[in-house]
Amino acid sequence: MLTLSQVTKSYGGTPALSSVGFGVAPGERVALIGHNGAGKSTLMKIVLGLIEADAGRISVGGHAPGSRAARAITAYLPENVAFHPALTGLETLAYYLRLRGEDPRQAAGLLDRVGLGPAARRRLGTYSKGMRQRVGLAQALIGHPKLLVLDEPTSGLDPVSRREFYELLDGLAAEGAAILHSSHALTEVEARTDRIVILSGGRLVADDTLANLRRQAALPIRLQVAARPGSADAVAARLHGGRRNGVLVDLACGPEEKLARLGDIAALGSMIDDVEILPPSLEDLYTHFSRRQP
């Protein structure tokens with residue numbers, strides 16, 4: 001649904017994107033992460049047709065970005081949506097439906113879909129930030145878009161609102177929508193995306209699933225062993241691990257050593273109460289890949 005190849009953009013001689021290329025397939029959720037100034041916003045503006053790339057090829061469903069055909073199948077949700085506070089949810093959605101040439105009677109159904117049916121007749125000035133973001137998502141869903149571009153869509157939302165927001169996105173992906181979203185909330189991205197694209201200094205330094213990125217990085221795996229009461233010292237000594245919080249023993253090993261270390265732990269039998277495997281987090285992977293030269 002979205003394809004970028006060798007996309008390059010500079011501002012006044014300063015490169016913002018250098019030969020960036022990746023794609024987003026129908027039904028796929030792709031997270032775009034990177035530090036401030038990494039080129040995420042520039043890339044999204046190019047995809048939306050707001051600015052032009054200096055070089056490279058971009059296809060939005062087979063169309064040029066910014067063209068009438070591309071706009072018809074693309075939806076955008078910014079970090080901070082802005083709607084007139086005096087309008088109700090129904091009035092707001094009806095207005096945007098008319099702008100898109102759609103039946104304004106769809107407004108109630110769109111608000112129901114994002115969980116705002118009970119608040120449909122309230123003025124937006126009384127909505128919380130999470131509710132306004134849902135209005136933004138409802139507005140983005142007008143016309144059944146095939147590509148959703150989301151820029152920090154959960155910024156400022158409470159944990160419950162974030163979970164509900166991602167559940168909505170999961171449903172859209174299941175229906176075949178391609179989703180590209182930028183986020184600094186790496187913990188939530190970790191469990192909610194199919195693929196991760198990392199930009200650093202305008203260059204693409206990683207593009208793969210979380211599992212494959214972990215294999216490529218080969219970072220240490222943590223094993224957190226819970227010893228039975230009175231056994232922690234002996235367990236730490238036998239496993240050459242570090243004590244923590246009374247009964248816990250921390251170990252670290254390379255990916256290729258994991259099974260052998262689990263065997264060592266299992267061999268201690270009744271001395272062990274539990275073990276938890278803690279693979280490298282997305283934050284660890286982001287740090288690793290963003291420091292690597294492409």
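**Which residues do ring pairs link into a cluster?** The cluster holds Phe83, Tyr95 and Tyr96. The views below start with the whole chain and reach this cluster in View 6.

**View 1. Overview of the protein chain.** This is a predicted model: local features need pLDDT of at least 70, side-chain atom pairs count only at pLDDT 80 or more, and totals for chains, interfaces and linings use all residues. Residues are numbered from 1 along each chain as its sequence is written, and side-chain values use heavy atoms, with hydrogens and water left out. The protein chain has eleven helices and 13 strands (DSSP runs numbered from the N terminus; helices are H or I of at least four residues, strands E of at least two). Its C-alpha trace spans about 70 × 50 × 30 Å along the principal axes. Of the 294 residues, 45% are buried (under 20% relative accessible area; exposed is over 50%, partly exposed in between; 1.4 Å probe, protein chains only). Among contacts with a separation of 6 or more, 68% join residues 24 or more positions apart (contact: heavy atoms within 4.5 Å).

View 2. Strand 6 (residues 147–151) runs parallel to strand 7 (residues 178–182), and five bridges pair them. Leu148 has Ile179 of strand 7 as its bridge partner.

**View 3. Leu148 and the nonpolar cores.** The largest nonpolar core has 49 residues (a core is a set of buried Ala, Val, Leu, Ile, Met, Phe, Trp, Tyr and Cys residues joined through side-chain atoms within 4.5 Å). Leu137 and Leu148 touch the most other members of this core. Beyond its neighbours within four places in sequence, Leu148 contacts Ala75, Leu137, Leu141, Leu172, Ala177, Ala178, Ile179 and Leu180. A second core is separate and has 25 residues, including Ala38, Ile58, Val60 and Leu147.

**View 4. The strand 1–strand 2 hairpin and Val24.** Strand 1 (residues 2–11) pairs with strand 2 in the antiparallel sense over seven bridges. Leu4 stands opposite Phe22 of strand 2. Two residues lie between the strands of this hairpin. Gly12, in the turn, has a positive phi of about 60°. Val24 belongs to strand 2 (residues 14–24). Val24 counts as buried because its relative accessibility is 2%. Leaving aside neighbours within four places in sequence, Val24 contacts Met1, Leu2, Val30, Ala178, Ile179 and Leu180. The C-alpha atoms of Val24 and Ala177 are 9.8 Å apart, although 153 residues separate them along the chain.

View 5. Which residues of helix 8 are buried? They are Leu210, Leu213 and Ala217. These residues cover an arc of only 60° around the axis, so they sit on the same side of helix 8 (the arc is that of the directions from the helix axis to the C-beta atoms). An α-helix has 3.6 residues a turn, so residues three or four places apart point the same way. The buried residues of helix 8 pack against helix 7 (186–190), strand 8, strand 9 and helix 11 (282–290). Ala218 follows helix 8 and has a positive phi, near 55°.

View 6. Rings of Phe, Tyr and Trp (its six-membered ring) pair if their centres lie within 6.5 Å; planes under 30 degrees apart are stacked, over 60 edge-to-face, the rest tilted. This rule gives three aromatic pairs. Phe83 and Tyr96 are edge-to-face, at 5.9 Å centre to centre with 80° between the planes. The pair links distant parts of the chain, 13 residues apart: Phe83 is in the loop between strand 5 and helix 3 (89–99), and Tyr96 is in helix 3. Phe83 counts as buried because its relative accessibility is 17%. Tyr96 is partly exposed, with a relative accessible area of 23%. The rings of Tyr95 and Tyr96 have centres 5.3 Å apart and planes at 75°, so this pair is also edge-to-face. Tyr95 is partly exposed, at 44% relative accessible area.

Notes: Pairing = 2+ DSSP bridges.
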